[in-house]
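Here's a quick briefing to read alongside the model. Keep the viewer open as you go.

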Amino acid sequence: MAAEFPEGFLFGAAVGAHQVEGGNTNSDWWWWEHAAGTPCVEPSGDACDFYHRYREDIAMLAGLGLSAFRFGIEWARIEPAEGEFSIAELDHYRRMLDACHEHSVLPILTFHHFTLPRWVQDLGGFASSRFPELFERYCDSAARALGDAIGYVCTINEPQGLGWSGYVVGINPPGVKGDEVAARRAAEHLLEAHRRAAPAIRAHTKAPVGVTLAIPDIQYEDGATPGHGGLEVESAINDEFFELAREDDFIGVQTYTRIRIGPEGPRSPGSDWSAVSRDLVETDEVTQMGYENYPRALGGAIRRAWRSTGGIPILVTENGIATQHDEKRIAFMAEALDEVRKCIGDGIDVRSYIHWSLLDNFEWAFGYGPRFGLVAIDRSTFERKPKPSAHWLGAVARNRRLPTVSASR
Ligand code: BGC
């Protein structure tokens, strides 16, 4: 049967460094997970011990039939103190990139995924006026050491939300509440950091460089009113990143749900972003994260990114569902990938579907409860067990087409 996804389209899975490596003790999140009074339900601890087990994981991903792996490097390890760069840690990440190439897996490397070295947080974190310059220097060193082995570079993961969550709702470090001025300052510095880091990285690599944005599918209904706090702030910051991205080589789209805005404001489940629910009650309508289970959101997000950047190439760098029921993950991917297929059919240059996540991992303040993984982990032995969804996505990747849905469904 004919393929439905173009030759070279990348099917893969993603992880974030802090969420899987384990023992990231020099990072601000490690401090935050152990500080009194934070919303964290448990510390990251050994996570998935990916720091030591990456070889098995990359071999497993390749064995499933996937052709791309998105993972991160950890600034807190590479620059453990200001201006001190660790050759040994850069060598560690070089070995990870080499392992990808040994298995013909394209590495999509994220330079920053939420965490900061503690010393950067102590200087004021994203709100420090030194942040862009420090980030540029770290990116320069890392790209100099690793650039020739990278497939794609993501500079900063989901920068649009970092100011609001750290300085207004206080659910990320440094845990400040209600300081919209600091949140705006953080956003400005993150924009500047990307602006400076992208050329610094390009100087050492031929890999395309871009930013990855959280883009929910925001659906305004008749009579919808503006003024929805974090949602609007993040959306406006995304618009600024979309503008910047016109100079980039690609844009990373990361989508989990839609948010419907009616005359009375947001009316989707889980749309009150300031109230992070910890009870993980999953229903047919709502995922473990409290979001609406709405896989078709991916189509709206891709179209928004395409329009807003004037049509630069798109990588879907994250998309997934937190669920205890793996058959829901398969159904979710089938609908999300159907949207990708339609977008490609409409002439949008979408180049990848990278599922979040390869492994059940540390979901930030929520801890290990939410299950986003294609692969389960035994938390006492670190044994990996691919779920049926992992094999399903591998088969889609091998055939470059979605399975035919039987007429009875
Ligand atoms: C983040 C991941 C996170 C995932 C699921 C994304 O916003 O990049 O770190 O685990 O969403 O919530």
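Predicted model: local features only at pLDDT ≥ 70, side-chain atom pairs only at ≥ 80, totals over all residues.

Residues are numbered from 1 along each chain as its sequence is written, and side-chain values use heavy atoms, with hydrogens and water left out. Helices (H or I, at least four residues) and strands (E, at least two) are DSSP runs numbered from the N terminus.

**Strand β10 and its partners**

- Strand β10 spans residues 314-319, and six of its six residues are buried (under 20% relative accessible area, with exposed meaning over 50% and partly exposed in between, using a 1.4 Å probe and protein chains only).
- Strand β7 (residues 250-255) runs parallel to β10, and five bridges join them; two strands count as paired if DSSP finds at least two bridges between them.
- Within that pairing, glutamine 254 sits opposite glutamate 318 of β10.
- Strand β11 (residues 350-356) also runs parallel to β10, joined by three bridges.
- Here leucine 315 has serine 352 in β11 as its bridge partner.
- To get from β10 to β11, the chain passes through helix α12 (residues 326-345), and this β-α-β crossover is right-handed (with the strands pointing away from the viewer, the path from the first strand over the helix to the second runs clockwise).

- Strand β8 (residues 258-262) is largely enclosed by the rest of the structure, because five of its five residues are buried.
- In a regular strand, side chains alternate between the two faces of the sheet.
- For β8, both faces are covered: Arg258, Arg260 and Gly262 are buried on one side, and Ile259 and Ile261 are buried on the other.
- Strand β6 (residues 217-220) runs parallel to β8 and is joined to β8 by four bridges.
- In that pair, glutamine 219 has arginine 260 of β8 as its bridge partner.
- Strand β9 (residues 265-266) pairs with β8 in the antiparallel sense, over two bridges.
- Glycine 262 faces glycine 265 of β9, and a hairpin of two residues links β8 to β9.

**Glutamate 102**

- Glutamate 102 belongs to helix α5 (residues 87-102).
- Glutamate 102 is exposed, with a relative accessible area of 58%.
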